[in-house]
Amino acid sequence: MKILALDMGDRWVGTAISDPLGMLARPYETVDARSLEIFLQKTIAQESVGTIVAGVPKTLRDTESDQTRKVKADVAHLQITFPAITWILWDERWTSQQASRLKRTKTKEDRLQSHSIAAALILGSYLDYLAFQKSLL
């Protein structure tokens, strides 16, 4: 089963998806936050998603901000809506800045794509963690 990552913002949600083996992450789509549930219903079925990694924006001091609490509340709602999915909260500090450095945002399309690039960075970090955990066995 594939893993989907979410970079959740107030207006846009960047998404990224893994390959079936869970080794590679690639940007997928940027969706309007208001239609996230419809997008997830469709994508979970079409892409055989079993796990969703949601980026959590912690502060540099490792504390919760208002945005952290909002994302956690949104994920709690999604966990109820999609109970068959394994949900992972993952630290997303710096991913938006890294995404903007990878691709300069000159147009609206570039800005939208930067959200899915940030999600790919979140997913890549999670996949690296899983690979490291497997190497310890």
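Author: Two strands pair if DSSP finds at least two bridges between them. The model discussed here is predicted.

Reader: What makes strand 1 and strand 2 a pair?

Author: Strand 1 (residues 2-8) is joined to strand 2 by five bridges, and the two run antiparallel. The cut-off is at least two bridges, so five bridges make them a pair. One of the contacts can be named: alanine 5 has alanine 16 in strand 2 as its bridge partner. Three residues link strand 1 to strand 2 in a hairpin.

Reader: How do you know that strand 2 and strand 3 pair?

Author: Six bridges lie between strand 2 and strand 3, in the antiparallel sense. With at least two required, the two strands therefore count as paired. Valine 13, for instance, has valine 31 in strand 3 as its bridge partner. Strand 2 and strand 3 also form a hairpin, with six residues between them. In that turn, glycine 22 has a positive phi of about 70°.

Reader: Why is strand 2 called largely enclosed?

Author: Buried means under 20% relative accessible area. Six of the seven residues of strand 2 are buried, so the rest of the structure largely encloses this strand.

Reader: Why is leucine 21 called exposed?

Author: Leucine 21 has a relative accessible area of 65%. Exposed means over 50%, so leucine 21 is exposed. Leucine 21 sits in the loop between strand 2 (12-18) and strand 3 (25-32).

Reader: Which residues form a nonpolar patch on the surface?

Author: Leu21, Met23 and Leu24 form the patch, and together they have about 380 Å² of accessible area.

Technical notes
Residues numbered from 1 in each chain as written. Predicted model: local features only at pLDDT ≥ 70, side-chain atom pairs only at ≥ 80, totals over all residues. Heavy atoms only, no water. Patch = residues over 30% accessible without salt bridge, like charges linked within 9 Å, V, L, I, M, F, W, Y side chains within 5 Å. Areas by Shrake-Rupley, 256 points an atom, 1.4 Å probe, with all protein chains shown as cover. Salt bridge = Lys/Arg side-chain N within 4 Å of Asp/Glu carboxyl O. Helix = DSSP H or I, 4+ residues; strand = E, 2+ residues; numbered from the N terminus. Buried < 20%, exposed > 50% of the residue type's maximum accessible area, 1.4 Å probe, protein only.
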